[in-house]
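The sequence and structure are shown first.

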Amino acid sequence: MPNYTVTVATGTQWFAGTDDYIYLTLVGSERCSERTLLDKPLYNDFERGAVDSYDVNVGEDLGEIELVKIEKKKYWMQDDWYCKYITVKTPYGDYIEFPCFRWLVDDKEVVLRDGRARLPQHEKTGVAKQHRRKELEQRQKTYRWKEWHPGFPMSIDAKAHSELPRDIQFDSEKGVDFVLNYSKAIENLYVNQFMHMFQSSWGDFADFERIFVRIKNTISEYVMEHWKEDFMFGYQYLNGCNPVVIRKCTEIPDKFPITQKIVEDSLERGLTLEEELKEGNIFIADYELLDGVTPNATDPCTLQYLAAPICLLYKNSQNKIMPIAIQLSQKPGEDNPIFLPSDDEFDWLLAKIWVRSSDFHVHQTVTHLLRTHLISEVFGIAMFRQLPAVHPVFKLLLPHIRFTIAINTKAREQLICECGLFDKANGTGGGGHVELVQRSMKTFTYKSLCFPEAIKERGMDSREELPYYFYRDDGCSVWEVVKSFVTDVVDIYYEKDETVQEDEEVQAFVKDVCSFGMQDSDSCEFPKSLQTKEQLVEYLTIVIFTASAQHAGVNFGQYDWCSWIPNSPPTMRKPPPTKKGEVDLKYIVESLPDRGRSCWHLGAVWALSQFQENELFLGMYPDEHFIEKPVKEAMVKFRKELAEVTKNIKSRNEGKKLPYYYLSPDRIPNSVAV
């Protein structure tokens, strides 16, 4: 009588084990085994972290094992079980791996294919084709698109984290409770005595030190000491939280009437403004996106204000980026003066503070929320809907959307919803952040997610011209390593361009992203199909890079750059100045956030800058969805190349007062999960 040995591994998460009834059926090419009871309640099998083995006896040879069916039947109360994998040893001594890495909930069965990745056109049996089709039919019922706000990318159809499919929920919802985490952060930062002091202004800049936590040798302390200096203001455009706004200026816009006479005192090379433009030494940061956005009006006791400034920057003879002119609104006129470094100290300082505050809003809502969180969710939902677990692209992308849908759902539940935490301290709360996303979507293109092209489009690609743009340098290094890894994996499964064209599932995935996720926006230019291996490599590189490196580059520096409140005010309580010479220190401090809003802001940027517990960094794939040796070899090569990038970044940072490490691979999580 043939004997099969089945080994079952239970996950190590809290509550991963179960006391429910567990049944197994082997489906072979010739016949199926009988439904076998593996575990009864209170038998102590399937405990957290356990690896249990069982014999399955059959009357006749089953043929080639094609599927494994696992069922969980409730014993007493709901007791979810996380199955990592199942290994089947055949009577002939062969071992077949069936990756699972899923939760079994309620009384539903899970049907597993063996771990070999396959394209749909390469399936040979009716059983395999039917399994593929049924899996996607079920997923499309489970992962449904929903419009959260008009003009937004589509999101998951779930009002709360608890409504999500169990497989994409956080292991512990408590760990991602924004209210709890922000409150904990405020307490840990010893600023909880100020958190309810709304409308209470600080006395002066030094007063902000009362809520500033000094951590030895950190960037945040350096920012506190140097935030007023023009070099620090300019440096942040290259290597701060939002290094994606600055662009080379080739022509001064009409709405910003800068002349040679206005800025000549700031130009160091003896050239005219026109000549400096031609030499590529003039840069611009334009916050037109904020023009007319509704400021936060959720607190009737505190008026809050927004501006849409334009800032002209100059690369001086030391290759430092320096601000040389600021206009605080888009329409030129007598009531919209152009502020200069030669102006009164407080006039110039307040103008820079307004730019920094505007940059904060664009960073949080556009650079961070829209262009990493929301777009990664789109990729994730489309992946679940159109790619079965056996597809190599599903296996490749799954680690890079881990917890993304969950964190976004939790954000819509607590953070960016009406009356959410975002409203407490942010000038774009109360709906302004929604307007910003809607406006940004009109210019959001697929190619803008391609890192090298995005850098080049802003005229920031020359290392010779801008030798200290570490965000660009490290980002390009990581992009090339990710692209090389993706190329290696694509080459294993796709022989030629026609193989891509014939893959109906990957074509459906790409179409779902464009037609549903991006709502078929005319301006987005997301592809609806892929024709070549090169296009597939670029697409998958964009998905992985956006979820990992791009998010890390704009998220984990928030405490470093935004914890010193005057350097990055989340709101302003007085309107932008319309004349010069009327501002003093008292006016500036009264413009900055009050004590309560400062504390909530501090708690937010602290919490957002922390890695998840048991974080998985780029290249770490503990769940073995791929079992093929060539892919595992590609992963080893990937990790080796990432380690080399890490080593180079560490070497460059040695001795620097302002080290740049946000794109060091050992600090880049695999996915958007915070």
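In this predicted model, the side chains of Asp20 and Lys72 form a salt bridge, with an N to O distance of 2.9 Å. The two residues belong to distant parts of the chain, 52 residues apart. Asp20 lies in the loop between strand 1 (3-10) and strand 2 (21-28), whereas Lys72 is part of strand 5 (residues 65-73). Is this pair buried or exposed? Asp20 has a relative accessibility of 2% and therefore counts as buried, since the limit is under 20%. Lys72, at 1% relative accessibility, likewise counts as buried.

A salt bridge also connects Arg116 with Glu64, at 3.7 Å from N to O. This pair again links distant parts of the chain, 52 residues apart. Arg116 is located in the loop between strand 8 (109-113) and helix 1 (126-142), and Glu64 in the loop between strand 4 (51-57) and strand 5. Arg116 is partly exposed, its relative accessible area being 38%.

The side chains of Asp488 and Lys637 meet in a further salt bridge, at 2.9 Å from N to O. Here the partners are 149 residues apart in the chain, Asp488 in helix 13 and Lys637 in helix 20. Both are partly exposed: Asp488 has a relative accessible area of 22%, and Lys637 one of 35%. Elsewhere, salt bridges with shared partners join Glu64, Asp114, Arg116 and Arg118 into one network.

| Salt bridge | N to O distance |
|---|---|
| Asp20 and Lys72 | 2.9 Å |
| Arg116 and Glu64 | 3.7 Å |
| Asp488 and Lys637 | 2.9 Å |

How are the helices that carry Asp488 and Lys637 arranged? The axes of helix 13 (residues 470-493) and helix 20 (residues 629-653) come within 9 Å and cross at roughly 170°. Because angles over 145 degrees count as roughly antiparallel, helix 13 and helix 20 are roughly antiparallel to each other. On the side of helix 13, the contact includes Phe470, Val478, Val481, Phe485, Asp488 and Ile492. Helix 20 contributes, among others, Val631, Met635, Lys637, Phe638, Leu642 and Ile649. By residue class, the contact of helix 13 with helix 20 comprises 16 nonpolar, two polar and five charged residues.

Definitions and conventions
Residues numbered from 1 in each chain as written. Predicted model: local features only at pLDDT ≥ 70, side-chain atom pairs only at ≥ 80, totals over all residues. Heavy atoms only, no water. Axes fitted to C-alpha atoms, helices over the stretch in contact; angles between N-to-C directions. Helix = DSSP H or I, 4+ residues; strand = E, 2+ residues; numbered from the N terminus. Parallel < 35°, antiparallel > 145°, perpendicular 65-115°, else oblique. Contact = heavy atoms within 4.5 Å. Nonpolar A, V, L, I, M, F, W, Y, C, P; charged D, E, K, R; others polar. Salt bridge = Lys/Arg side-chain N within 4 Å of Asp/Glu carboxyl O. Buried < 20%, exposed > 50% of the residue type's maximum accessible area, 1.4 Å probe, protein only.
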